[in-house]
Amino acid sequence: KRPAGAPDRALARKVTKVGVVGAGLMASQLALLFLRRIEVPVVLTDVDQARVDKGVGWVHGELDKLAGKGRLSPDALNRLKGLVSGSLEKSAFADADLVIEAVFEELSVKQQVFAEVEAVVSAECVLATNTSALSITDMAADLQHPERVVGMHFFNPVAVLPLLEVVRAAETDDATLATAFAVGKALKKSCVLVADAPAFVVNRLLTRFLGEVTAAVDAGTPVEVAERALDPLGLPMTPFELLSLVGPPVALHVAERMHEAFPDRFAVGEGLRRMVELRKASVFSEPGVVDPDLAAVFQGGSG
Ligand code: 3HC
């Protein structure tokens, strides 16, 4: 059944090569998903060779782990490894049909990325963004072909969480939207069409949820009490585990966007800011690694 609001799937363009801008936490997970589910060449780019190598190395390592668990045959392992490559040049995307960006959450950075990509790809190549909270309409505004820009918002861990928010920006055309839905389906995600509103749907709710939990701690409730109080909800992770998984800088970024958009309804908690500051000082482990000490640090600074 076609998801609500999705255009006729006959309009979808074929995707035979994918470009991923960024080689960080989300970008590498996206590259792995495209490889595993649609088995097309995937090129990762980033700002320096070390990042590119790290991203490609991570993908190779995950493929090795899957093979080790017997989930990939030796043939498939070699084939998929051969399909992923890294480059410092956007020109590597020249023959891509879909380029998805997952770079730093700053509008001007993403606009610049799309402008550079547009200079090398065909007029039909779909430009997708995995932004957590930024306006996709703004991201597309200065492009020659804003109609090929669409939001494809995945959730961490990308391999496991089934949802994909497909975001239609002001000028997104039906062929682009149909391609995003077709790709989402091929990736075995449950796609929903959401409006290009601040933080879309999931992050809007998540920001409220995490914001209220961290506000309770800012107000003096011990972390373990705030976490235990949520036990009856049967959540798969505690709020602080979730913050650790998402990464405090991303959570702060989304909270700030929500505060800008709805200052009377969304505040940015001091505890969250403190977490990000502490992370800058390398207190925390890598983003995406659940850090058991995160809650303790949060509370420790709250006095
Ligand atoms: N990467 C890949 N696979 C993973 C994984 C990871 N990081 N973590 C767990 N898995 C896999 C396991 O290998 C296992 O697979 P299998 O059943 O095939 O062996 C499966 O997931 C279940 O894992 P576990 O049994 O170890 O653990 P859980 O049952 O506790 O589930 C979880 C782990 C799925 C991560 C669960 O805790 C969960 O759903 N947590 C909530 C995550 C969430 O809400 N994410 C959204 C964040 S918001 C976001 O990303 C948007 C951004 O814009 C901010």
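Predicted model: local features only at pLDDT ≥ 70, side-chain atom pairs only at ≥ 80, totals over all residues.
**Helix α4**

Helix α4 comprises twelve residues, 107-118, and spans 16 Å between its first and last C-alpha, close to the 16 Å expected at 1.5 Å a residue. Its buried residues are K110, V113, F114, V117 and E118. Viewed down the axis of α4, these buried residues fall within an arc of 130 degrees, so they line one face of the helix. An α-helix has 3.6 residues a turn, so residues three or four places apart point the same way. The partners against which the buried residues of α4 pack are the strands β1 (18-21), β4 (98-101), β5 (126-129) and β6 (149-153), together with helix α5 (136-140).

The table sets out the axis geometry of the two pairs.

| Helix pair | Axes come within | Crossing angle |
|---|---|---|
| α2 (residues 49-68) and α3 (residues 74-83) | 10 Å | roughly 170 degrees |
| α7 (residues 202-218) and α10 (residues 248-261) | 10 Å | roughly 100 degrees |

The axes of α2 and α3 cross at roughly 170 degrees. Angles over 145 degrees count as roughly antiparallel, and α2 is therefore roughly antiparallel to α3. On the α2 side the contact involves H60, L63 and A67, which meet P74, L77, L80 and K81 of α3. By class, five residues of this contact between α2 and α3 are nonpolar, one is polar and one is charged.

For α7 and α10, the crossing angle is roughly 100 degrees. Because angles of 65 to 115 degrees count as roughly perpendicular, α7 is described as roughly perpendicular to α10. Helix α7 contributes N203, R204, T207, L210 and G211 to the contact, and α10 contributes A251, V254, A255 and M258. The residues of this contact of α7 with α10 divide into five nonpolar, three polar and one charged.

**Backbone features in loops**

What kind of peptide bond joins N156 and P157? The bond is cis, with omega about -5 degrees. P157 lies in the loop between β6 and β7 (163-168).

Two residues other than glycine have a positive phi: E39, near 50 degrees, and F200, about 55 degrees. E39 is located in the loop between α1 (25-38) and β2 (42-45), whereas F200 is located in the loop between β8 (190-195) and α7.

F200 counts as buried, because it has 22 C-beta neighbours inside 10 Å, and the cut-off for a buried residue is 20 or more.

Key
Residues numbered from 1 in each chain as written. Helix = DSSP H or I, 4+ residues; strand = E, 2+ residues; numbered from the N terminus. Expected span 1.5 Å × (residues − 1). Buried ≥ 20, exposed ≤ 12 C-beta atoms within 10 Å, placed from the backbone. Arc of directions from axis to C-beta. Contact = placed C-beta atoms within 7 Å. Axes fitted to C-alpha atoms, helices over the stretch in contact; angles between N-to-C directions. Parallel < 35°, antiparallel > 145°, perpendicular 65-115°, else oblique. Nonpolar A, V, L, I, M, F, W, Y, C, P; charged D, E, K, R; others polar.
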